Amino acid sequence: MFLFRKRDNKDIDMSNLPQHIGIIMDGNGRWAKKRGLPRSAGHKAGAESLKKIVTEANNMGIEYITVYAFSTENWKRPKAEVDYLMNLLMDYLINAEKTLAGENVRIRAIGSRAELSEEMCRQIEKTEKLTADRSGIVMNIALNYGGREELVNATKKLCRNVAEGKLTPDEIDEEKLEQELYTANQPDVDLLIRTSGEQRLSNFMLWQVSYAEMVFVKKAWPDFKPKDLHECIRIFQNRGRRFGGI
Ligand code: IPE
Ligand code: IPE
Ligand code: MG
């Protein structure tokens with residue numbers, strides 16, 4: 001395994017890794033359907049995929065990873081699927097305290113807590129607290145996350161500060177707005193990966209992906225392996241990033 005991994009990523013430039021990887025983990029349902037399984041089986045397989053990818057990203061020295069686990073729009077799904085996803089995420093948070101401990105992963109949940117159950121909110125706080133002092137990769141789990149909701153929420157906070165006289169409208173700049181995002185003090189996403197062949201953002205990190213390199217992978221999320229992550233990083237490293245310059 002180790003030998004394979006070593007050979008597999010040998011041409012990756014370790015001095016030019018993306019600092020922040022965003023992943024839209026899509027295609028669980030279709031993966032299951034293809035196998036004649038219920039959609040829930042796809043989500044379960046997707047959670048296993050997630051563990052492996054976070055471990056690999058951490059081993060490689062990636063500093064931040066944000067994974068889209070549940071969008072503000074995913075409430076539209078049948079209640080049974082929503083419940084299944086919430087239970088899976090709950091298990092992930094509980095297990096992450098133990099299983100990701102050796103790997104030093106710091107876990108944070110980003111998104112709106114208002115619609116989440118009290119139990120989920122308590123578990124998020126517990127997991128965040130227990131992993132906060134670790135030194136490895138920061139993993140943002142986007143849970144009830146929507147890029148528009150995040151921006152509306154940030155706008156409200158800025159308005160409140162203006163109303164309270166702590167800030168004038170002219171003092172609002174990109175930095176001030178960024179400070180009110182769920183990802184305050186984190187670098188922008190530089191590599192965005194979406195699996196399952198869809199080529200859209202689906203309301204993911206609208207602000208943070210402004211200059212991200214986007215890589216769309218045909219494979220469904222449960223089939224996405226560490227070697228696919230390496231391939232995405234290789235593609236990232238072969239892109240010419242200009243940020244508006246020449
Ligand atoms: C991604 O897989 C997981 C979530 C959105 C929670 P999907 O459930 O969207 O799978 P497809 O896109 O229907 O195949
Ligand atoms: C985006 O996938 C949300 C997550 C991966 C959690 P969706 O499957 O919900 O997106 P659409 O509906 O195809 O745009
Ligand atoms: Mg989908």
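Biologist: Which residues are around ligand 1?

Modeller: Keep in mind that this is a predicted model. A residue is counted as near a ligand if one of its heavy atoms lies within 4 Å of it. For ligand 1 the list is M25, D26, G27, N28, G29, R30, R39, H43, A69, N74, R77 and L85.

Biologist: How is that shell divided by class?

Modeller: Three of the residues around ligand 1 are nonpolar, five are polar and four are charged.

Biologist: Which helices each supply at least two residues of the shell around ligand 1?

Modeller: They are α2, residues 28-34, and α3, residues 39-60. The largest share, three residues, comes from α2.

Biologist: How much of ligand 1 does the protein bury?

Modeller: Compare the area the ligand exposes taken alone with the part that the protein covers. Ligand 1 alone exposes 380 Å², and 87% of that is buried by the protein. As for its place, ligand 1 sits in the largest pocket.

Biologist: Where does ligand 2 sit, and which residues surround it?

Modeller: Ligand 2 sits in the largest pocket. Its surroundings are I24, M25, D26, Y68, A69, F70, N74, R77, R194, R200 and S202. By class, five of these residues are nonpolar, two are polar and four are charged. Strand β2 gives the largest share of this shell, three residues.

Biologist: Which side chains have polar atoms by the oxygen atoms of ligand 2?

Modeller: Among them is S202, with a polar side-chain atom 2.6 Å from an oxygen atom of ligand 2. A polar side-chain atom of N74 lies 2.9 Å from a ligand 2 oxygen, and for an N or O atom in the side chain of D26 the distance is 3.2 Å. Taken alone, ligand 2 exposes 390 Å², of which the protein buries 77%.

Biologist: Y68 is in the shell of ligand 2. How many aromatic pairs does the whole structure have, and which residue pairs with Y68?

Modeller: A search of the whole structure finds seven aromatic pairs. In one of them Y68 pairs with Y145, edge-to-face, at 6.0 Å centre to centre and with 80 degrees between the planes. This pair links distant parts of the chain: Y68 lies in strand β2 (residues 64-71) and Y145 in strand β4 (residues 138-145), 77 residues apart.

Technical notes: Residues numbered from 1 in each chain as written. Chains lettered and ligands numbered in written order. Predicted model: local features only at pLDDT ≥ 70, side-chain atom pairs only at ≥ 80, totals over all residues. Heavy atoms only, no water. Areas by Shrake-Rupley, 256 points an atom, 1.4 Å probe, with all protein chains shown as cover. 1 Å grid on protein atoms, 1.4 Å probe; cavity = no way out; pocket = protein on both sides within 12 Å on 5 of 7 lines; lining within 4 Å. Sits in = over half its atoms within 2 Å of the grid points. Helix = DSSP H or I, 4+ residues; strand = E, 2+ residues; numbered from the N terminus. Nonpolar A, V, L, I, M, F, W, Y, C, P; charged D, E, K, R; others polar. Phe/Tyr/Trp six-rings, centres within 6.5 Å; stacked < 30°, edge-to-face > 60°. Polar contact = N/O pair within 3.5 Å; in protein donor to acceptor, adjacent residues only side chain to side chain.
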